[in-house]
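Let's take a friendly walk through a protein structure, one region at a time. Keep the 3D view open and follow along.

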Amino acid sequence: MSAWLLLIPILLPIIGGFIARFFEKKSTARKIFSLFVVCLTSSFVIWFTFTVSPEVETIIKFGKYFSFALKLDGTGKIFSMMVALLWPFALLYSFAYMEDERRQDVYNSYYIMTFGIVLGIAYSANLMSMYVIYEALTFITLPLITHTATKEARRAGRMYLYYSLTGSSVALVGMGMLVINAGTLDFVPHGSTTDAMQLAYALLFFGFGVKAAIFPLCHWLPAASAAPTPTTALLHAVAVVKAGAFAIIRTTYYCFDINKLQGSVVQGIALGFAAFTIVYGALKAAKEQHFKRRLAYSTIANLSYILFGVALMTKAGLIAALIHLVYHSITKIGLFFACGAIIKNSGAHYVYELDGMGKKMPITFTFFTLSALSLTGIPLFACFVSKWYLCTAAIELNSFVGYMGMAALIISSLFTAIYALSIPIRAFVYKPNVISQPIVEKAKEPGILYLVTIGVFAILAVVFGVMSTPLVDAITSAVGGLV
Amino acid sequence: MASLMIISILLPLIGALVLYFGKLKNRNVLNIIAFAISAVVFVLSTTICFTNSLRIELFQIAKDITVLLKADIISKFFAVIISCVFTIISVFSYKYLTIEENEKKFHSFYLLTLTMLMALCYAGNLTTMYLTFELVTLCSMPLVMHSRTQESIKAALKYLYYSLGGAFVGLIGIFFMVYFSTGSDEFVLGGFLDTVKVQDYSSLMQVVIFITLIGFGVKTGVFPFQGWLPTAHPVAPSPASAVLSGIVTKAGVIAIIRIVYFSIGSAFIKDTWVQYAWISIILFTIFMGSSMALIQKNFKKRLAYSTVSQVSYIVLGIAMLNEEALSGSFLHIASHALIKVGLFLVAGAIILYTEKHEVDELEGIGKQLPVTMICYTVLSLGLIGIPPAGAFVSKWYLAIGSIDSGLNVLDYLAPAVLLISAILTAAYLLPIAVRAFIVKDKSVVLEKKQESLYITIPLVVLTILSTCVGLFADQIVEIVKNLV
């Protein structure tokens, strides 16, 4: 099988997104067409995942160093598979959520097109290709953030743009240093560098770290919660931010030689910043009263769980990072979906406005509770497994930063319990207060489309929490030849 | 036979679900279901006692994370005590819950707590133990906030965050123990640590073990994390406070026993700074608990502080790491479970009949509730350690064990603290009994109330059982003989 085929799932949603613009704004045909395109793309991704991995194929070549090339390997398979399974559900959810919004057709087009771009990141065969698509991701998702065109949304869009562009230009410098040393930007296990290249690594880590929201480059993420919830749920909990994490995985394990970086100063810095971000995100989330921003801060903390695993630079660390990449996506998308449904069907934006709402929206809040328990890392829920692997990997490192990171994880778990579980407790146990009384009266259980999409992820969080063996095995074999 | 363990876990779980989602209206039926299920679990636990060691691997969450059930001597001991006490409390609830709303929810979370406690008893490896430990917290929390008042919700949250925080800290230790294990985290007498692997890291490991013990100790109310007990116990309905105080604190004890004797092996911390520091904290907790109990005016709060100190007796016996002290500890587990549950039920009966919460209001209560207060008196004497009560024997063993421990200073300090604490116990329990029966002001007319059999029978049974615990001293010594 040729890697040219990989262009299909990349281009299909992009072209499909264009065509979707020609449909009537409110027509059902547009929705069916969009869903068809996304499902078809997902089927391709799934098909590719289970067939033989194609060889690297150069699509376009620019001079000696740079080329646009695609390939499909284990890590790429896991990332693309995850995105492909989430996107159809997210699209269904966005239909429900955007029902009465203005310019929903435009929104829909960009929403679909982003899918292709994210798959492009998963399928890139060298750093150059990935960088180009990564930049494209920045621009294609900008309209999704600024969609409501309020002052807040425009500010969020500007922040996102500035942060991301700064990050990628920093990464570009790192890339330049890398190519001078290694002579190539191809992704090969253990990279092609001739020495540790600490500065280049630092530049790339923090450059791509902007999208992965590492402290102090994380402030765009809470601001971006001004976007419509489908954007926040899929892009700012999964696709965009995880693309940042994925880019860091790629550079760490496929461009650099981790054996040379292991124990270096830059590794200590990376681990230190990740550990600090874990605590910072969790603390800010516990303090935050705005519902969506609270979840956004929680995303900051959880993304750094992944970065921490990556920066451990061991096989166990990478496996743990990938497990958390998947499990956090499932959990957080479930939480955001529930959050969006609550906002849309009651008008509550702040946590204290949720007091006593559980009686009105029992099913939504039950699903929310399951996802929240998973996020906290309670056993029998998905994120417990990833927490387990992360901590075990941290111990194996046998160094001070490893232990410190573990302590950060534990502290963050406690704060997660506080900020995540307090929401269902407010909803189910508290009586409506003065502020929440009128909001609760308006609230009603959301429609079936909402409930199905929320429920799928809440139940997945439980299912993976009970049997993770297949996924863990798949990830282990995917990174098998790597470390 | 291993299916017996699964049944005794699944049965209350199913019962809880049926009660929660079922449309049962009749409160008699609700109560009978709760009682019947607890009783069946008790019978099952007793049956398991007479079998050989059972072991069953339930499922694998992921590589290295296995859910394993095992019935060894420790499991059997705890399972019998817990299910026995649960059965007795469920009888008491029938009458008591007439003053509470939403009985269905109470029973359903009550059975859910029983489920998780049974699972905790039968947990066969560290992972399963941690898992069930967390679930015990989550399932017993709704019992605390049953009345849904602002105060009770705050108390429940305090309980939740203290316990979760403690367990999370304990999780650090679990990660380390699993890492330094010989491949599996299944409980083995003497520990599963790989001695060669752990040798280079023994000082790190000691620090980790110390924080782990304190982390799981949060459930037992170890200083400075005792705060949740006096907050959570008074606001919960009395049967729930009884469960929390008598049983849920023992969940911490189970975890500590499992870690010390079955995961790291007692030799690992014997005579190290860990043992000294740990025992010092426990001794302080014992003293602090007793003295705080003395100054409390709220009856249930006084009992809660008493639990802080009494459960620390148990942990002290574990921490001494010798046979006598551990025998004392096991005896005290049984007697404290029975006595403290009994005392909380007395507090419940007083609230039920007279709505009195403060100690000062209890003057002459013995004239109103004679049977209840006689039980109270006998139970108090038991807790203080007057022979022939079980607690006398247990404290005797604890004192002997402490002296035998061969630890500098602590070997004499510990018996001294035990003695002082016993005096304090007498000081905070007995005056209530005395004033209950001896009224100075003769002018007050105290009417004798009709005490329901549903109240008196559980109390009398608990009183008798707690007095008889001492008779089983030999059997219990037999249990611990091989542990140390």
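To talk about how two helices cross, we need axes: here an axis is a line fitted to C-alpha atoms, for helices over the stretch in contact, and angles run from 0 to 180 degrees between N-to-C directions. Bear in mind that this is a predicted model.

Start in chain A with helix H14 (residues 362-376) and helix H18 (residues 448-466), whose axes cross at roughly 35° and come within 9 Å. The crossing of H14(A) and H18(A) is left-handed. On the H14(A) side, the residues that make the contact include Phe367(A) and Leu370(A), while H18(A) brings, among them, Ile454(A) and Phe457(A). Sorted by class, the residues of this contact are nine nonpolar, five polar and no charged.

**A covered helix and an open strand**

Strand S1 (residues 57-62) of chain A lies largely in the open, because zero of its six residues are buried. S1(A) runs antiparallel to strand S2 (residues 66-70) of chain A, and five bridges join them. One of the pairs is Phe62(A) with Phe66(A). Three residues sit between the strands of this hairpin, where Gly63(A) takes a positive phi near 65°.

**Where the chains meet**

Now look at the contact between chains A and B, which takes 23 residues from chain A and 24 residues from chain B.

By class, the side of chain A that touches chain B has 18 nonpolar, four polar and one charged residues.

**One buried residue in chain B**

Finally, find Ala236(B), in the loop between helix H9 (228-235) and helix H10 (238-264) of chain B. Why does Ala236(B) count as buried? Ala236(B) is buried because 25 other C-beta atoms lie within 10 Å, and the cut-off is 20 or more. Leaving out residues up to four places away in sequence, Ala236(B) touches Leu143(B), Val144(B), His146(B), Ser241(B) and Leu244(B). The C-alpha atoms of Ala236(B) and Lys300(B) are separated by 9.8 Å, although these residues are 64 residues apart along the chain.

Conventions:
Residues are numbered from 1 along each chain as its sequence is written. Chains are lettered from A and ligands numbered from 1 in the order in which they are written. This is a predicted model: local features need pLDDT of at least 70, side-chain atom pairs count only at pLDDT 80 or more; totals for chains, interfaces and linings use all residues. Two residues are in contact if their C-beta atoms, placed from the backbone, lie within 7 Å. Ala, Val, Leu, Ile, Met, Phe, Trp, Tyr, Cys and Pro count as nonpolar, Asp, Glu, Lys and Arg as charged, and the others, Gly among them, as polar. Helices (H or I, at least four residues) and strands (E, at least two) are DSSP runs, numbered from the N terminus. A crossing is left-handed if the near helix is turned anticlockwise from the far one by less than a right angle, and right-handed if clockwise. A residue is buried if 20 or more other C-beta atoms lie within 10 Å of its own, exposed if 12 or fewer, and partly exposed in between; C-beta atoms are placed from the backbone. Two strands pair if DSSP finds at least two bridges between them.
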